[in-house]
Amino acid sequence: MSRNNAASRPTRADQADRHVLYQKAVQAPDFEVEFLDRIFRELRGRKPLSLKEDFCGTAYLSSEWVKSDPERTAVGVDIDADTLAWGRQHNLEAAGSDVAARVTLLEKDVREVTEPKVDIVCAFNFSYCLLEKRDELRHYFEQARASLKDDGLLFLDLFGGTECETEAEEETELEDEGATYIWEQVSFNPIDHHMECAIHFEFDDGSRLDNAFTYAWRLWSIPEIRELLEEAGFSKTRIYWERFEEAGDDSDEMEGTGEYYETEEAENQESWLVYIVAEK
Ligand SMILES: C[S@@+](CC[C@H](N)C(=O)[O-])C[C@H]1O[C@@H](n2cnc3c(N)ncnc32)[C@H](O)[C@@H]1O
């Protein structure tokens, strides 16, 4: 083969679908469906049926939610038409007409949607941190609360820890993909907590998909979020912290178990991810 042909052959990065890679790298809808179901049953004593996934992106969680039970329905809200179109094709229509019929996608700002009333509203992967001013975030929480049935719950996640307020890069191999997921904390301003982050992918042919996704948001703290939820009218908030255990090798490293328990006190770690649950 001539050098020219080799040079014009498309790389893995040229051929990659960034939404497929994102879903594999970042999302865990099986775990989240189980978590939403368990906590709702524990706190409300009944099976949750209706979900609104705010900032839904490709509606991956909504599709897994309706697949988990034939009675379940979901509404996915996102402002980006192209991302919703990808999700409709790959996550909803690909799963069959029954799944597609039970998920409604709305191309709207999450702050504009308060109907239909649902059992659960969720905003995952820190998307609500895009709202950087107290007034903006309180208003979003008020709208999320207005979307809930009387016994409804709002679920959020949040990350933090001693290594979050700094520039850093973390690499994770994506199994069966021949690719590496790279999470980059590009900048952090300690004065206003504005943070810029980026997701890149590197492939086994050496090619890269840089800035596949970029984020500019505020790194909120848990007490700030709880205070704003209370100001928005939520009656109670609960924090679910991940149980950690020794890594099992000879190091002193601790590793997450994926098991979350409710607590009001925890030892800080280099990095953590919590779930915040707010009762209407
Ligand atoms: C970090 S992604 C989250 C995707 C998915 N929820 C997840 O868990 O990975 C953020 C999404 O929020 C959407 N978005 C940003 N601002 C929004 C707004 N005000 N209203 C609705 N969607 C918004 C973007 O289009 C993007 O798809």
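The model is predicted, so local features need pLDDT of at least 70 and side-chain atom pairs pLDDT 80 or more, while totals for chains, interfaces and linings use all residues. Residues are numbered from 1 along each chain as its sequence is written, and side-chain values use heavy atoms, without hydrogens and water.

**Ligand**

Next, show the polar contacts (N or O pairs within 3.5 Å). At Phe 55, a backbone N or O atom lies 2.6 Å from a ligand nitrogen. Asp 78 places a polar side-chain atom 2.7 Å from a ligand oxygen, and a side-chain N or O atom of Asn 125 is 2.9 Å from an oxygen atom of the ligand. The protein covers 86% of the 600 Å² of accessible area that the ligand has on its own (Shrake-Rupley, 1.4 Å probe).

**Sheet and helix**

Now select the open antiparallel sheet, whose 4 strands run in the order E6-E7-E8-E9 (strands are DSSP E runs of at least two residues; pairing takes at least two bridges). Its edge strands are E6 (168-174) and E9 (208-218). Strand E8 (194-203) pairs with E9 over 8 bridges; pick Ile 199 and its bridge partner in E9, Phe 213.

Finally, select helix H3 (18-26), which lies across E6, E7, E8 and E9 (a helix is a DSSP H or I run of at least four residues). H3 runs at about 60° to E9 (axes fitted to C-alpha atoms, for helices over the stretch in contact, heavy atoms within 4.5 Å; angles from 0 to 180 degrees between N-to-C directions).

Note on methods
A polar contact is a pair of N or O atoms within 3.5 Å; within protein, one must be able to donate a hydrogen and the other to accept it, and residues adjacent in sequence count only if both atoms are side-chain atoms.
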